[in-house]
Amino acid sequence: MTPIQLYLLGKNNGFRPVWIMRQAGRYLPEFRKIRKKNKNFIKLCLNKNLVPKITLQPLERFKLDAAIIFSDILMLPYALGQDVQFEKNLGPILGDLNIKEIKNITNKDFSMKLKPVYDSVKIVSKSRLLVNKDLIGFAGSPWTILLYMMNKSSPKNKLSSKFLEDKILIKETLDLLCNFTKLHIHNQIKNGATIIQLFDSWAGLVKNNYLEEYVFKQNKKIVDFVKRLNVPVICFPKGIKNYYDFVKYVKPNVISIDYNTNPKKILKKINIPIQGGINPKLLLGSKKKLKKEVEKYIEIFKNYPYIFNLGHGILPETKPLMVEYFINLIKQK
Ligand code: 1CP
């Protein structure tokens, strides 16, 4: 077992695990260099030479306890035949969606299309940099993936609410996506992923009366599936108001909180390990402020299983030296 897995079982007291959401990416000059030469993002995610290299770049620099495979939650719509392009400043732009065609896609077709991703997972899992460390596999939760597939663009840019009216179509598509998500996760585990994180980045957009159906139920089905494979699963239902209800219903091994969540308050209500919460903007400001915040988290969670991480992805303008400072604050005793 890895130190994080032991820690989650309550056996590695005093250990302060840390990894960073989006740790492999645009704030690293060595990533930008590769990205500049590889304009097609999906193709880059399917490149078995470059993906392991990019995944391990942050581990070459920092004392992180886990790597997260360099990929994207939108590899799922890509594997289901929807066109996915990443435009500068706009984010992802998706093509037309044909649900009928998706219904004809077999598990074998799906797995073949993403085989390079799974090959990369295998290569990374054997790296010397990951000895006694975790490799985090991940997927988007069905609701978040459905939103991108039907909205065809980030909800940040525009949100067309028309598709939200067809409740039967939504339910049917969520179930379809849930099955492919399980397959995608299973393939990553079979190839060496030792922890799974589920990103429900747009859970916060779901109205209360649909939360159970669109968010809780779908996350639970996947969590149950991953638990049966004996792999810890972290849920990140970003933006939901009530983490307590989510945890009670879904029962993940770890709950990742966003930067609008008060860590002290959540601790009083929740009885499973917690991850994240620290505002990514703090890594853009002064060292003094960052130090104060890290010390606050150390104090709050001194007797509680907690994985240091941010409350959302690291910002592209973050200086690698601040990341090093952040990790050293956590690791020094
Ligand atoms: O260079 C570039 O322009 C590409 C930027 C980029 C990167 C580095 C995208 C496009 N995706 C990724 C990698 C990625 N995405 C990883 C692996 C790297 C790591 O974490 O170290 C992971 C885990 C993701 C997950 C992801 N992709 C999420 C969930 C987390 C979150 O931020 O909420 C989401 C919503 C996406 C969609 C996506 N992919 C890329 C962008 C810019 C976006 C966000 C679009 C939006 O704002 O709606």
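Q: Why is N230 called exposed?
A: In this predicted model, local features need pLDDT of at least 70, side-chain atom pairs count only at pLDDT 80 or more, and totals for chains, interfaces and linings use all residues. Residues are numbered from 1 along each chain as its sequence is written, and side-chain values use heavy atoms, with hydrogens and water left out. Exposed means over 50% relative accessible area, buried under 20%, and partly exposed in between (1.4 Å probe, protein chains only). N230 has a relative accessible area of 71% and is therefore exposed. N230 also has a positive phi of about 65° although it is not a glycine.

Q: What makes K251 partly exposed?
A: The relative accessibility of K251 is 48%, so this residue counts as partly exposed. Its phi, near 50°, is positive in a residue other than glycine.

Q: How do you know which residues line the largest pocket?
A: A pocket is an open set of points on a 1 Å grid over the protein atoms alone, where a 1.4 Å probe fits, with protein on both sides within 12 Å along at least five of seven lines; lining residues have an atom within 4 Å of a point. The largest pocket holds about 1900 Å³ of space. Its lining has 47 residues, and the closest to its centre are R22, R26, D72, K156 and P316.

Q: What is the volume of the second largest pocket, and what does that volume mean?
A: The second largest pocket holds about 310 Å³ of space. A volume is the space filled by probe spheres set on the points, with grid points joined across faces, edges and corners.
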